[in-house]
Amino acid sequence: MVLLHVKRGDESQFLLQALGSTELEELTVQVTRVYNGRLKVQRLCSEMEELAEHGIFLPPNMQGLTDEQIEELKLKDEWGERCVPSGGAVFKKDDIGRRNGQAPNEKMKQVIKKTIEEAKAIISKKQVEASVCVTMEMVKDALDQLRGAVMIVYPMGLPPYDPIRMEFEDKEDLSGTQAGLSVIKESVAQLWWAAKELRRTKKLSDYVGKNEKTKIIVKIQQRGQGAPAREPIISSEEQKQLMLYYHRRQEELKVAPGWCWCPQSWCLGNWKKMMTTPV
């Protein structure tokens with residue numbers, strides 16, 4: 001299996017495995033679905049944190065209004081009377097005016113918060129450091145856990161306009177939002193490796209060869225954005241070690257002013273060997 005380290009820009013996202021014989025049309029869709037699925041989990045976790053603190057969403061015509069304005073306009077939150085959290089509500093006003101302030105009690109709040117932590121761990125970028133591949137099944141498992149927690153705390157369900165319910169029903173409207181800019185449509189997604197676009201009409205092996213134990217860094221982005229920036233020759237940590245070596249060397253040799261110790265091509269090719277040489 002070829003191991004793909006998926007990035008967006010310079011930021012690591014997740015690891016994914018694929019056979020070299022995989023069609024790149026299929027692989028691009030698979031990577032995009034996992035990428036977008038992780039974003040959905042993150043959006044849900046963010047909204048559910050607010051749900052645990054301030055209760056369900058207010059009707060759109062009541063959001064942002066003061067209590068006096070709501071009373072003056074004779075507006076009523078009919079869904080708020082039906083969607084009561086298990087064990088009763090604890091009032092905690094939402095200063096932003098998006099939610100009704102009827103928060104779950106402490107026990108139910110912890111049910112939501114614990115589930116959020118577990119879901120975040122499943123799709124965390126730390127999985128890359130732990131060499132754990134993220135699959136669509138894992139993303140679906142995280143979504144199911146979040147859905148289950150909401151059903152436990154709100155057995156009567158959530159209002160149809162609540163963003164959490166809309167996310168679960170795939171009816172979310174992200175137009176005009178920052179979150180919407182992060183989502184990549186499957187039809188316009190592109191994968192890049194080594195400054196080459198992995199064209200959907202080919203197979204993965206057409207680019208990486210037949211070695212199934214290869215590890216590559218691929219970058220996902222939308223069509224029309226041009227080639228992404230190439231990976232640096234050395235990592236930031238290696239760069240720090242290189243600069244530290246030159247600093248020590250300069251101190252030891254009492255180098256005269258004007259000595260150039262910037263990492264040139266010769267240095268980059270030999271610095272690891274040089275670091276093992278006694279000074």
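Student: How many bridges pair S1 with strand S2, and in which sense do they pair?

Tutor: In this predicted model, S1 covers residues 2–8 and S2 covers residues 11–18. S1 and S2 pair over seven bridges, and the sense is antiparallel.

Student: Which residue in the turn between S1 and S2 has a positive phi?

Tutor: S1 and S2 form a hairpin, with two residues between them. In that turn a positive phi of about 70 degrees is found, and it belongs to Gly 9.

Student: In which sense do S1 and S7 pair?

Tutor: S7 spans residues 215–222. Leu 4 has Ile 216 as its bridge partner in S7. Five bridges join S1 and S7, and their sense is parallel.

Student: Which strand does S5 join by four bridges?

Tutor: S5 runs over residues 189–193. Trp 192 stands opposite Lys 219, a residue of S7. The four bridges are antiparallel, and the strand they join to S5 is S7.

Student: How many residues lie between S5 and S6 in their hairpin?

Tutor: S6 consists of residues 196–197 and is joined to S5 by two antiparallel bridges. Its Lys 196 is the bridge partner of Trp 193, and its Glu 197 is the bridge partner of Trp 192. In the turn, Ala 194 has a positive phi of about 50 degrees. The number of residues between S5 and S6 is two.

Student: Which strands stand at the edges of the sheet?

Tutor: Five strands form an open sheet with mixed pairing, and their order is S2-S1-S7-S5-S6. An edge strand has a single partner strand, so one side of it is left without a neighbour in the sheet. The strands in that position are S2 and S6.

Student: How many residues of S5 are buried?

Tutor: A residue counts as buried when its relative accessible area is under 20%. S1 is mostly covered, with five of its seven residues buried. S5 is mostly covered too, and of its five residues the number buried is four.

Student: At about what angle to S2 does helix H1 run?

Tutor: Helix H1 is made of residues 24–54. It lies across S1, S2, S5 and S7. Its angle to S2 is about 135 degrees.

Student: Are H4 and H6 roughly parallel or roughly antiparallel?

Tutor: H4 (residues 106–123) and H6 (residues 136–153) have axes that come within 9 Å and cross at roughly 175 degrees. Angles over 145 degrees count as roughly antiparallel. Therefore H4 and H6 are roughly antiparallel.

Student: How many nonpolar residues are in the contact of H4 with H6?

Tutor: The contact includes Val 111, Ile 112 and Ile 116 of H4, and Leu 146, Ala 149 and Ile 152 of H6. Glu 118 of H4 and Asp 141 of H6 also take part. The contact has two polar and two charged residues, and the number of nonpolar ones is 14.

Student: With which side chain does the side chain of Glu 167 make a polar contact?

Tutor: Glu 167 is placed in helix H7, residues 163–168. Its relative accessible area is 6%, so Glu 167 is buried. Among the residues it touches are Lys 40, Leu 44 and Leu 174. The polar contact is at 2.7 Å, and the partner is the side chain of Arg 43.

How values were computed. Residues are numbered from 1 along each chain as its sequence is written. This is a predicted model: local features need pLDDT of at least 70, side-chain atom pairs count only at pLDDT 80 or more; totals for chains, interfaces and linings use all residues. Side-chain values use heavy atoms; hydrogens and water are left out. Buried means under 20% relative accessible area, exposed over 50%, partly exposed in between (1.4 Å probe, protein chains only). Two strands pair if DSSP finds at least two bridges between them. Axes are lines fitted to C-alpha atoms, for helices over the stretch in contact, and angles run from 0 to 180 degrees between N-to-C directions. Angles under 35 degrees count as roughly parallel, over 145 as roughly antiparallel, 65 to 115 as roughly perpendicular and the rest as oblique. Contact means heavy atoms within 4.5 Å. Ala, Val, Leu, Ile, Met, Phe, Trp, Tyr, Cys and Pro count as nonpolar, Asp, Glu, Lys and Arg as charged, and the others, Gly among them, as polar. A polar contact is a pair of N or O atoms within 3.5 Å; within protein, one must be able to donate a hydrogen and the other to accept it, and residues adjacent in sequence count only if both atoms are side-chain atoms. Lists of a residue's contacts leave out its neighbours within four places in sequence.
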